[in-house]
Amino acid sequence: MTLKELLEQYAAGERDFGGIMLSEANLSRINLSGANLSQAILSIANLSGANLSGANLSYAKMNVTRLSGSNLVRANLEGTILNVANMIRANLSGANLRNAALIRAEMIRANLSEAKLNGANLNAADLRESTLRQVDLTGANLSEADLRGSSLIAAILLNANLIGTDFSKADLTGADLSHAELRHARLHRANLSGASLRGANLRWADLSGANLRWADLSEAKLSGANLIGADLSCANLLNTSFVHADLTQTNLIRADWEGADLSGAILTGAKLYGVARFNLTTEGMSCDWLDLSPNGDHSQIARFDSENFEKFFNQTPPVVQLVVDMPISSNAHRVLAGIYHQLSQEYPEMNQPPSIDVGYRRTVLTFRVDSDELLLPTAYVAVLPFKDAGETQKTLVNLVRSLQSSSPDLSGVKAANQAAKLSVATIQRLRKVSGLSCPPVEGHGELEFFQAPTQTTVANSSDLGLTIYSNPMFGKRFFNAAELGIPLSALSSQRAQVVLPSSQEILEFIQGFYSFE
């Protein structure tokens with residue numbers, strides 16, 4: 001069939017041109033919208049600017065075909081051979097390209113939004129600055145492809161072959177790259193915020209300067225990867241392998257990396273505020289200093305030598321524990337949840353509810369905090385719903401004052417300065433929460449649970465505990481004083497006492513707070 005016959009028949013309403021042979025034909029700007037060109041031979045043809053929207057080009061041979069600027073919206077290109085085809089600025093949004101061959105295809109600035117490319121072969125294809133939003137590339141081969149500056153927002157690259165692929169400055173926000181093969185991939189300054197890279201192989205990948213905020217990298221393999229200056233804040237790094245990875249000046253604020261393997265990794269200059277440091281493998285890791293400041297502004301630096309390095313990376317999570325001498329009822333649980341919810345609005349550092357362990361006689365509320373410096377202010381706020389709040393808070397204030405007066409007794413100028421610094425920082429934090437009061441929640445005043453004696457303890461990241469306050473009647477709820485001949489006046493005087501921990505206990509407890517500066 002000649003080109004003239006094709007145009008005449010299409011104009012007459014014919015749409016079935018399956019198997020047509022028009023190699024090297026000039027079909028520039030032709031309109032074949034909705035036509036059936038399945039298994040057509042169109043290699044080296046010129047279809048630039050053509051309208052092929054909705055056309056069926058499945059299993060057609062289109063090697064080295066020119067399709068620049070063409071309209072292929074929702075076209076069927078399943079199994080089509082488009083190797084070395086020129087598809088610059090082509091519109092392929094919503095197109096079906098399942099199992100298509102696009103080896104070394106030129107697709108610069110092409111639009112492939114919502115296209116289906118499952119199992120497609122895009123080896124060494126040029127997709128610079130292309131749009132691939134919500135594209136499905138499950139199981140596709142994009143090895144050595146060039147996607148610099150491309151938009152792959154919410155794209156699906158599950159199990160894709162991305163070995164050596166260049167995603168430099170690409171936007172992969174919310175993309176799914178779970179179990180993808182990304183060895184030697186280039187992701188320099190790529191945006192992967194919220195992306196899933198669960199179980200992905202990123203060995204020797206370049207992720208320098210990449211944005212991985214809130215990304216899921218659990219079980220991922222990043223051995224030998226370059227993460228210099230990358231942002232991994234709030235990322236899921238559970239059981240991730242960073243063996244010999246370079247994490248120099250990486251932002252890891254509030255990341256969760258429990259079970260991570262950091263053997264031989266470089267961590268110097270990383271931002272590590274709010275990161276638990278337990279259940280880690282750190283053999284052979286290199287780290288001269290870390291930034292532990294909340295905003296990553298170098299205001300709190302931890303420096304290491306051979307003696308304190310191992311201790312720092314084998315911490316326990318700092319916690320505040322409030323023990324109530326009575327089992328919690330369902331009504332008390334509801335009221336307590338309401339109070340803590342309202343308090344968290346004014347004290348965001350307590351935005352996570354406590355874990356609650358209920359025994360036959362007592363209830364244990366455990367608050368996990370981000371850093372040692374938040375232990376005392378959190379204890380100050382956590383006790384607000386209870387009758388013992390005033391006594392506990394008074395003890396906290398007196399404890400800090402005791403720390404100020406005891407700091408000169410510490411051996412060495414450095415230790416004394418650290419204690420003084422802690423007391424000043426704690427006083428500032430306590431002042432911020434001192435104006436807080438227990439929010440009015442219906443039923444609070446009538447419940448016996450909130451009148452029960454309490455005990456408040458804190459445990460720092462070095463697993464050293466300190467009892468802040470223990471009501472003299474704690475553990476004596478069933479104690480019959482009259483039966484033992486103890487006068488009630490004696491118990492009343494006990495209740496009025498405020499007993500501080502000893503100076504030695506306080507100093508030992510706070511020694512680990514700033515011991516890495």
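This is a predicted model: local features need pLDDT of at least 70, side-chain atom pairs count only at pLDDT 80 or more; totals for chains, interfaces and linings use all residues.
## Surface and burial

On the burial side, 53% of the protein's 517 residues count as buried.

## Fold at a glance

As for how the chain packs against itself, take the contacts with a separation of 6 or more: 26% of them come from residues 24 or more positions apart.

## A nonpolar patch

Ile44, Val64 and Val84 together make a nonpolar surface patch of about 230 Å². Val84 sits in the loop between helix 1 (3–11) and strand 1 (289–291).

How open is Val84? Its relative accessibility is 34%, so Val84 counts as partly exposed; that label covers the range between 20% and 50%. Patch members need over 30% relative accessible area, and Val84 has 34%.

## Around Gly94

Gly94 is also found in the loop between helix 1 and strand 1. With a relative accessibility of 34%, Gly94 is classed as partly exposed too.

What does Gly94 touch? Leaving aside residues up to four places away in sequence, Gly94 touches Arg74, Ser113, Glu114 and Ala115. Then there's Asn76, which lies 18 residues from Gly94 in sequence. In space, the C-alpha atoms of Gly94 and Asn76 are 9.3 Å apart.

Definitions and conventions:
Residues are numbered from 1 along each chain as its sequence is written. Side-chain values use heavy atoms; hydrogens and water are left out. Patches are made of residues with over 30% relative accessible area and no salt bridge: like charges are joined within 9 Å, nonpolar side chains (Val, Leu, Ile, Met, Phe, Trp, Tyr) within 5 Å. Accessible areas come from the Shrake-Rupley method with a 1.4 Å probe; for residues, only the protein chains shown count as cover. A salt bridge is a side-chain nitrogen of Lys or Arg within 4 Å of a carboxyl oxygen of Asp or Glu. Helices (H or I, at least four residues) and strands (E, at least two) are DSSP runs, numbered from the N terminus. Buried means under 20% relative accessible area, exposed over 50%, partly exposed in between (1.4 Å probe, protein chains only). Contact means heavy atoms within 4.5 Å.
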